[in-house]
Amino acid sequence: MLYYLFEYLDKTMDVPGTGVFQYITFRSALALIMSLMISTIYGKKIVTFLRNQQVGETVRELGLAGQNQKAGTPTMGGLIIIIATLIPVLLLTKLNNIYILLLIMTTLWMGTIGFIDDYIKIFKKDKEGLKGIFKVIGQVGLGVVVGSVLYFNPNVTIRNNFPKSANINQTETLITQIPVEEKSTVTTIPFTKNNELDYAEFIAWTGDGYENWAWLVFIPIVIFIITAVSNGANLTDGIDGLAAGTSAISVLALGIFTFVSGNVILSNYLNIMYIPNSGEMTIFIAAFVGALIGFLWYNSYPATVFMGDTGSLTIGGIIAVLAISVRKEMLLPVLCAIFFAENLSVIIQVAYFKYTKRRFGEGRRVFLMSPLHHHYQKKGYHESKIVTRFWIVAILLAIVSIVTLKLR
C-alpha cells in the first residue's frame with residue numbers, strides 16, 4: 001500500500017526521495033526493520049493476551065529434563081510471526097505480483113490449519129489436535145493451488161540462454177538481447193554443470209505434445225515438497241528456539257536466491273535462470289526473517305511462548321513455496337537438512353519399531369527418542385547446546401547452498 005502511495009508521489013507530484021521505494025533493497029531493509037519492531041514490541045502484548053486467555057501448552061510426559069516446567073507456557077505464538085510478516089508485506093510490496101499473492105495465501109492457509117490444530121489441543125482438550133488426515137488434506141490442497149498457479153498462470157515465466165558475449169556493464173544491450181519470457185517447468189539441479197531439469201521430460205515417452213501434460217508431473221511434486229517441508233518444520237519445533245532459528249537461517253539463504261534470480265544483470269553474471277518479478281519475494285523474505293528473529297526474543301530458552309502448529313506449519317509452507325518459486329526445490333535436502341533429518345528420524349524410528357515388533361515380538365528403537373533433537377536430550381545434552389549446534393549446522397548448510405550459485 002505504501003509502495004503505491006510513494007509511486008504516485010514520485011511519478012505524479014515528483015516529491016524528492018519518494019523514488020527510493022522503487023528499489024527492492026530499500027524496501028527489503030525497511031520490511032526487516034518493521035517486522036522486527038512489530039514482533040518484539042507488539043509480540044509482548046500477544047504473549048500477555050495468550051497467557052490471559054490461558055492458551056497454555058499441555059506437555060506430554062516424555063521423561064525429559066525440565067519438561068514439566070514448560071506446562072502452561074502460552075502457545076499459538078506463531079500468530080506473532082504471521083502478523084509481523086504480513087503487515088510489512090502488505091505495506092511495502094507490489095500486491096499485484098503473483099509470487100507475493102501466493103506467499104500471502106500460503107501464510108494464511110497454513111496458519112489457519114495450524115491455528116485449528118492448536119485450538120483443538122487447547123480448548124477442546126484433545127492432545128492429538130486436528131486429525132492427521134485433515135492436515136494432509138490441507139497441505140495437499142495448498143500444493144494443488146500453488147502448483148496450478150505456478151504452472152498455468154501466464155505471469156510465471158523464465159528467461160534463459162543469455163547471450164554469452166553480454167557484459168555485466170552492458171545493461172541496456174543485455175535487456176534488449178535476452179530471449180522472450182516463456183512458460184517452463186525447468187528447475188535447477190545443484191552441484192552440476194548443466195544444471196537444469198525439465199519436469200516435462202519425465203513424460204516425453206508419451207509422444208508429441210507431451211509438454212502440454214507436464215502438470216501431471218509438476219503439481220504432484222509441488223504437493224510432495226509442501227507436505228514434506230511443512231511436516232519437517234512441525235517436527236523440528238520441539239525445543240526452545242530450534243525451529244525459528246534454523247528457519248531464519250534457511251530463509252535468509254533463499255532471500256539471496258530470490259534477489260539474484262529476479263535481477264537480470266546478476267542472473268546473467270552468475271549464469272543462472274532469470275525469473276521475472278521473483279525479486280519482489282526478497283521483501284517478503286526480509287519481513288519473514290525479521291518476524292522469526294523477533295519471535296526468538298520470546299522463544300529462546302527458557303521460552304515464554306511457543307509457536308505451536310500455527311507457526312511451524314506456516315514456516316514450512318512458506319519455505320517450500322519460496323524454493324519452488326525460485327526453482328531451487330532440489331536444494332531443499334541440503335538447505336533444510338535439519339528438517340529432513342528430523343523427518344527421517346521419525347520415519348526410521350517408527351518403521352524399525354514396527355519391523356522388530358513383528359519379527360521379534362517386541363519393538364526396538366534406533367534412537368533413544370524421535371524426532372532427532374529429543375534423542376540428544378535423552379543423552380543428557382542441554383536444550384541450549386542442542387539448539388546452538390543445530391544453528392551452526394544450519395549456517396554451514398546455508399553457506400553450502402549459496403555456494404552452489406557458482407560451484408557446479
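This is a predicted model: local features need pLDDT of at least 70, side-chain atom pairs count only at pLDDT 80 or more; totals for chains, interfaces and linings use all residues.

Residues are numbered from 1 along each chain as its sequence is written, and side-chain values use heavy atoms, with hydrogens and water left out.

**Exercise 1. Helix 3 and helix 10**

Describe how helix 3 and helix 10 pack: angle, distance between axes, and the residues that make the contact.

Solution. Start with the elements; helices (H or I, at least four residues) and strands (E, at least two) are DSSP runs, numbered from the N terminus. Helix 3 covers residues 78-92 and helix 10 covers residues 281-299.

Two packed helices are described by the angle between their axes and the distance between the axes. Here the angle is about 150° and the axes are 8 Å apart. Axes are lines fitted to C-alpha atoms, for helices over the stretch in contact, and angles run from 0 to 180 degrees between N-to-C directions.

Next, classify the angle: under 35 degrees counts as roughly parallel, over 145 as roughly antiparallel, 65 to 115 as roughly perpendicular and the rest as oblique. Helix 3 and helix 10 are therefore roughly antiparallel. The crossing is right-handed; a crossing is left-handed if the near helix is turned anticlockwise from the far one by less than a right angle, and right-handed if clockwise.

Now list the contact (heavy atoms within 4.5 Å). Helix 3 contributes Ile80, Ile81, Ala84, Thr85, Pro88, Val89 and Leu92, and helix 10 contributes Ile283, Phe284, Ala287, Phe288, Ala291, Leu292 and Phe295. By class, the contact of helix 3 with helix 10 holds 13 nonpolar residues, one polar and no charged. For the classes, Ala, Val, Leu, Ile, Met, Phe, Trp, Tyr, Cys and Pro count as nonpolar, Asp, Glu, Lys and Arg as charged, and the others, Gly among them, as polar.

**Exercise 2. Helix 3 and helix 4**

Repeat the analysis for helix 3 and helix 4.

Solution. Helix 4 spans residues 98-123, and its axis comes within 11 Å of that of helix 3, crossing at roughly 160°. Helix 3 and helix 4 are therefore roughly antiparallel to each other. The handedness of this crossing is left-handed.

On the helix 3 side you find Leu79, Ile82, Leu86, Val89 and Leu90; on the helix 4 side, Ile100, Ile104, Thr107, Leu108, Gly111 and Phe115. Sorted by class, the contact of helix 3 with helix 4 has nine nonpolar residues, two polar and no charged.

**Exercise 3. Helix 11**

How far does helix 11 reach, and is helix 11 mostly covered or exposed?

Solution. Helix 11 takes in residues 308-325, which is 18 residues. The expected span of a helix is 1.5 Å times one less than its number of residues, and for helix 11 the expected value is 26 Å. From first C-alpha to last, helix 11 reaches 26 Å, close to that expectation.

For cover, buried means under 20% relative accessible area, exposed over 50%, and partly exposed in between (1.4 Å probe, protein chains only). Helix 11 is mostly covered, with 18 of its 18 residues buried. Arg327, with a positive phi near 60°, follows helix 11.

**Exercise 4. A loop residue**

Where does Thr157 lie, and which residues is Thr157 in contact with?

Solution. Thr157 sits in the loop between helix 5 (132-152) and helix 6 (171-177). With 5% relative accessibility, Thr157 counts as buried. Leaving aside neighbours within four places in sequence, Thr157 is in contact with Tyr99, Glu181, Glu182, Lys183, Ile275 and Pro276.

**Exercise 5. Backbone angles**

Phe191 is partly exposed at 39% relative accessibility, and Asn271 is partly exposed at 45%.
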